[in-house]
Amino acid sequence: MDPILTLIGALMLVISIMLSPLSSRLGMPVLLIFLVVGMMMGEDGPGGLLFDDFELAFLIANLALGVILLDGGMRTRAETFRVGLRPALVLASFGVFLTAAGAGLVAWWVFDLHWLNALLIGAIISSTDAAAVFSLLQGRGLHLNERVSATLEIESGSNDPMAIFLTLMLVTMIEAGGASEGWMALVMLVKQFGIGGAVGVAGGFIVVEMANRIRLTPSLYPLLVVAAGIMVFSGTNALGGSGFLAIYLTGVVIGNRPVRMMPMILQVHDGLAWLAQLCLFLMLGLLVTPSELLPLAGGGLVLAFALIFLIRPITIMATLWPFGFNRRELGFISWVGLRGAVPIVLALFPIIADIPQAQLIFHVAFFIVLVSLLVQGTTMAPLARKLRLEVPTGEDPYRRLPLDVPAAGDHELMLFPLKGSAWETPKPLGQLRLPDNTAIAGVFRKRTCHQPTPDLEVSTGDVLAMFATPAVLPELGKALSGRHAPRYLAERAFFGDFVLNGDALLGDVEQVYGIEFDELPPELSLAECFARRTKGHPVVGDKVILGPVTLVARATEADRVTKVGLKMDNE
């Protein structure tokens with residue numbers, strides 16, 4: 001192997017990593033920086049590298065997407081499926097079909113293509129991209145309400161099979177001169193979803209059993225999971241199913257089962273996912289020739305803006321209206337139809353098949369991705385905050401270390417650095433309100449470990465070592481959080497001054513607070529009020545306005561609100 005090539009490859013990685021802090025300063029997605037660095041190192045840029053091995057790029061891209069989806073699946077909580085599964089599956093199937101048809105119609109009009117080629121462009125750009133969605137949701141510190149975040153994450157992780165099915169079907173039709181047998185297409189669709197779903201779930205349980213039954217060196221557990229995940233991905237593809245869906249579901253199963261050394265697995269996989277995204281977007285940037293994007297910029301902008309401002313919103317309104325989303329949630333989901341690596345990877349199919357106008361299709365897909373990352377990616381976080389879709393959250397631990405001792409159960413050692421305005425004034429440990437089944441293991445200060453005692457005072461700069469279970473992590477994070485949240489995310493401002501049980505009856509609330517709820521019967525519980533307004537799937541942050549009072553869901557269990565905040569105004 002030429003050492004110059006490895007030097008250039010390593011240099012590109014270093015440059016991309018060094019430039020990544022610009023993402024938060026400039027408000028642009030970090031993936032866009034990786035893409036631009038790749039373009040700059042390509043044949044039209046200062047780097048002047050000529051890379052046109054599309055088959056190698058296709059192989060690397062598929063492996064990288066597999067690693068990204070595995071990591072995203074492991075971070076998707078099974079509880080989110082109760083509110084996000086049904087709407088996400090509708091979007092991942094019927095929504096993708098509507099998007100492909102609408103985008104194909106616009107592409108046919110703008111680029112004056114044969115209708116099959118136009119529909120192929122629509123199919124290629126029809127799915128949202130998991131790499132982009134996971135990166136922006138998790139990397140921007142956005143804590144959206146569960147209904148929105150679950151729908152976006154599950155949609156992006158499960159809509160690839162429909163897009164791949166439509167792309168392969170149209171490529172086959174173009175190669176056959178427009179002829180296609182409908183039953184063959186139906187068989188392909190069933191195989192993509194059926195085999196992908198079955199193998200993915202089964203593979204996840206097998207990986208969990210392997211990790212829990214075999215005693216390994218701790219550092220080998222993350223490697224076992226990623227290697228097994230790639231096996232599931234490749235095996236599913238060999239059987240004719242969707243490897244993308246399979247590896248995502250494998251990750252979901254692993255992430256929601258007790259697995260030995262799980263915090264270490266997640267920590268290593270976070271780095272692997274970033275490496276996969278780096279390599280993927282750098283390589284895709286190298287593939288494109290920027291000078292060939294300029295002639296189609298006008299038509300590309302028309303198609304991109306039609307997709308963002310017309311096709312995606314119409315699709316969202318047509319598919320999600322039965323599921324209890326409010327207008328702000330529908331508006332945000334309409335906006336976050338992020339296109340990323342998947343459309344570019346799908347655009348490699350026509351090139352590998354050597355169909356007419358394949359290069360044009362590839363460059364159109366690339367242009368759409370650029371516009372999507374620039375327009376939607378840079379405005380996603382500000383829009384979420386403007387629409388007030390965030391919910392209060394606590395600090396995450398700096399480090400989580402599994403104890404891996406039977407007597408400890410699922411307890412972990414968690415390190416919480418104390419920072420923020422709340423810790424500027426020292427507080428005795430005895431005054432901290434910590435969840436049950438937790439204990440302070442020690443306090444680190446200036447490289448010295450102090451034994452925890454009730455009268456020991458802690459402040460900014462100290463690090464608390466805690467024994468706790470993952471189940472109490474949200475509550476523990478809030479108790480130790482000291483950051484200055486926006487005013488509307490402060491606990492009192494968001495939830496109100498009063499906390500009520502979800503089982504409390506409206507009649508009792510009327511008597512205690514001197515309020516009259518004329519429109520609802522007094523025997524109705526607060527939890528039932530939320531169930532009516534949210535069609536049975538309430539989440540933290542949901543609001544019900546009753547005259548001069550706003551009820552805010554403060555805690556939920558399954559599909560029932562257990563704690564309710566009461567605000568004496570309608571803000």
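Which residues are linked with Arg82 in a network of salt bridges? Glu146 and Asp559 are the residues joined to Arg82 in this network.

## Basis of the description

The structure is a predicted model, in which local features need pLDDT of at least 70 and side-chain atom pairs count only at pLDDT 80 or more, while totals for chains, interfaces and linings use all residues. Residues are numbered from 1 along each chain as its sequence is written, and side-chain values use heavy atoms, with hydrogens and water left out.

## Salt bridges

The whole structure holds eleven salt bridges, each defined as a side-chain nitrogen of Lys or Arg within 4 Å of a carboxyl oxygen of Asp or Glu. In one of them, Glu329 and Arg147 meet at 2.8 Å, N to O. Glu329 belongs to helix α15 (residues 327–335) and Arg147 to helix α8 (residues 146–158), so this pair ties together parts that are 182 residues apart in sequence. Helices (H or I, at least four residues) are DSSP runs, numbered from the N terminus. Glu329 is buried, with a relative accessible area of 1%, and Arg147 is buried at 3%. Here, buried means under 20% relative accessible area, exposed means over 50%, and partly exposed lies in between (1.4 Å probe, protein chains only).

Another salt bridge joins the side chains of Arg312 and Glu155 (2.9 Å, N to O). This pair links distant parts of the chain, with Arg312 in helix α14 and Glu155 in helix α8, 157 residues apart. Arg312 is buried at 5%, and Glu155 is buried at 3%. Arg75 and Asp71 also form a salt bridge, their closest N and O atoms being 3.1 Å apart. Arg75 is partly exposed, at 27%, whereas Asp71 is buried, at 5%.

## Aromatic rings

There are seven aromatic pairs. Rings of Phe, Tyr and Trp (its six-membered ring) pair if their centres lie within 6.5 Å; planes under 30 degrees apart count as stacked, over 60 as edge-to-face and the rest as tilted. The ring centres of Phe54 and Phe362 are 5.9 Å apart and the planes stand at 85°, so the pair is edge-to-face. Phe54 lies in helix α4 (residues 54–74) and Phe362 in helix α18 (residues 358–386), 308 residues apart. Phe54 is buried at 13% relative accessible area, and Phe362 is buried at 0%. Elsewhere, Phe305, Phe309 and Trp335 form one aromatic cluster.

Of the ten residues of α6, eight are buried, among them Leu116, Leu120 and Ile124. The buried residues of α6 pack against α5, α9 (160–175), α14 (297–320), α16 (341–346), α17 (348–353) and α18, where contact means heavy atoms within 4.5 Å.

Asp112 lies in the loop between α5 and α6 (115–124). Most residues other than glycine have a negative phi. Asp112, although not a glycine, has a positive phi of about 55°, and Asp112 is exposed, with a relative accessible area of 69%.

## A nonpolar surface patch

Leu105, Trp108, Trp109, Trp115 and Val302 form a nonpolar patch on the surface, with about 620 Å² of accessible area together. Patches are made of residues with over 30% relative accessible area and no salt bridge: like charges are joined within 9 Å, nonpolar side chains (Val, Leu, Ile, Met, Phe, Trp, Tyr) within 5 Å. Accessible areas come from the Shrake-Rupley method with a 1.4 Å probe; for residues, only the protein chains shown count as cover. Helix α5 (residues 81–111) gives the most to the patch, with three residues. Trp108 is in helix α5 and is partly exposed, at 45%.

Conventions: Helix = DSSP H or I, 4+ residues; strand = E, 2+ residues; numbered from the N terminus.
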